[in-house]
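Let's take a walk through this structure together, starting at the ligand and then stepping back to the domains. Keep the 3D view open as you read.

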Amino acid sequence: MGKIKKALITGITGQDGSYLSELLLKKNYKVYGIVRRVALEDETHRLWRIKHLLNKIEIKSASLESYASIVKIIQQVRPDEIYHLGAQSFVAYSFEDEFSTLNTNINGTHYILSAIKDFSPKTKFYFAGSSEMFGKVQKSRQDENTRFYPRSAYGISKVAGFELTRNYREAYNIFACTGILFNHESPRRGFEFVTRKISSSVAKIKHGKQNYLYLGNINAKRDWGHARDYVKAMWLMLQQKKPLDFVIGTGKMHSVKDFAKLAFSTAGLNYKKYIRFNKKLLRPAEVETLRANYNKANKLLKWKPTVKFNQLVKEMVLEDIKFFK
Ligand code: NAP
Ligand code: G4F
């Protein structure tokens with residue numbers, strides 16, 4: 001039997017962290033997760049996505065704002081792979097607090113890369129990049145060569161993380177890569193993101209617990225896939241001979257309105273009766289459209305999405321109808 005690989009995940013309590021943990025455990029990894037002290041103190045609310053895994057993984061308390069705490073854990077664990085998923089990930093919030101978004105997202109990434117360089121240079125590193133880096137898109141389908149044009153502090157922080165990752169790869173020979181992931185969703189998605197806001201509202205309306213769903217820009221278009229497919233791509237990137245960056249998406253684009261229409265109809269409801277506009281939900285600078293060209297991942301990683309838009313919407317709505325009963 002080969003050596004058991006060790007993986008360290010930041011952001012393990014999030015949507016992707018939970019699916020990635022499941023995948024790595026299935027592949028017989030020893031999984032460690034970095035969790036903030038506040039989350040450990042509020043287990044019921046903050047650890048719900050990994051509750052079923054707590055006896056199989058090892059949780060370490062640390063902060064992405066503290067270089068010393070990161071170094072300590074990397075020295076203790078000496079992971080073969082680090083998946084850096086921890087971030088202030090809500091774009092709308094990044095307009096309210098640019099400072100904490102930039103601090104956590106840029107410094108957190110820098111601290112991990114620097115700790116790898118000085119204390120564990122053989123550790124492979126995955127950075128959670130984002131299609132928000134393309135922002136005001138410069139090409140109708142975005143690939144690894146499309147110019148970045150971020151439209152929020154969040155997008156800017158991800159461009160900075162991407163450049164840090166590239167520079168540590170080139171300057172210090174670290175196996176470091178960025179997955180430029182397009183929107184991916186699931187029944188574990190946070191309630192603040194539009195897809196889960198819609199699926200949970202549809203469920204509450206269906207059960208008579210809510211009257212209307214307030215939304216902002218329903219004409220925005222996204223390339224939505226399923227999170228379970230996307231964590232597989234993260235793992236594949238770290239199994240290649242060379243560290244490379246990859247765009248991961250479905251290549252299909254739908255509007256927020258399309259999502260809402262299908263979500264309501266899944267519950268036997270007409271969306272027109274329930275949707276209301278709230279201008280406070282508009283963003284100071286919007287990303288209007290995003291659509292991936294994932295040819296490189298398909299060719300080199302043999303990766304492709306397996307869940308179609310319709311299946312994703314239905315799964316989210318049906319799960320929420322059960323959840324809110
Ligand atoms: P998520 O569900 O919002 O999870 C974010 C994780 O980051 C949580 O574990 C959270 O911990 C942690 N975190 C937030 N602020 C932190 C801080 N100040 N210090 C330490 N940890 C902090 O996000 P996700 O959807 O799983 O996404 C994972 C990563 O991929 C993120 O970096 C996100 O920006 C990026 N991404 C996501 C998508 C997508 O569509 N889902 C697309 C592209 C890129 P707590 O539980 O303690 O809050
Ligand atoms: O669901 P969203 O908040 O996701 P957004 O901004 O696309 O960001 C997500 O995907 C990124 C990858 O592209 C990740 F990097 C990021 O971490 C996050 O996971 O908003 C989607 C669209 C936006 O255009 C927004 O303006 O939906 C529009 N929208 C319309 N009404 C709304 C609402 N978004 C939210 N959250 N809430 C609304 O009421």
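Which residue has a polar backbone atom 3.3 Å from an oxygen atom of ligand 1? That's Gly 11. Bear in mind that you're looking at a predicted model, so the distances here are computed from it.

Thr 13 brings in its side chain, with an N or O atom 2.5 Å from an oxygen atom of ligand 1. Leu 85 uses its backbone instead: an N or O atom there lies 2.8 Å from a ligand oxygen.

Who does the surrounding? There are 26 residues around ligand 1, and the ones that come nearest are Thr 13, Arg 36, Leu 85, Ser 89 and Tyr 154. By type, the shell splits into 12 polar, 8 nonpolar and 6 charged residues. If you'd rather think in elements, α1 (15–26), β5 (124–130) and α7 (153–172) each give two or more residues to this shell, and β5 has the largest share, with 3.

Now zoom out. The chain is divided into domain 1 (6–184 + 224–248) and domain 2 (188–222 + 252–290 + 301–323), and their C-alpha centres sit 25 Å apart. Where they meet, domain 1 puts in 33 residues and domain 2 puts in 29. About 2800 Å² is buried between the two domains, with carbon and sulfur atoms giving 62% of that area. On the domain 1 side, look for Phe 90, Trp 224 and Asp 229: this trio supplies 29% of the area domain 1 buries against domain 2, more than any other three residues.

Terms used:
Residues are numbered from 1 along each chain as its sequence is written. Chains are lettered from A and ligands numbered from 1 in the order in which they are written. This is a predicted model: local features need pLDDT of at least 70, side-chain atom pairs count only at pLDDT 80 or more; totals for chains, interfaces and linings use all residues. Side-chain values use heavy atoms; hydrogens and water are left out. A residue is near a molecule or strand if one of its heavy atoms lies within 4 Å of it. A polar contact is a pair of N or O atoms within 3.5 Å; within protein, one must be able to donate a hydrogen and the other to accept it, and residues adjacent in sequence count only if both atoms are side-chain atoms. Helices (H or I, at least four residues) and strands (E, at least two) are DSSP runs, numbered from the N terminus. Ala, Val, Leu, Ile, Met, Phe, Trp, Tyr, Cys and Pro count as nonpolar, Asp, Glu, Lys and Arg as charged, and the others, Gly among them, as polar. Domain bounds come from an automatic or database domain assignment. Contact means heavy atoms within 4.5 Å. Buried area is the accessible area (1.4 Å probe) that two parts lose on being put together, summed over both.
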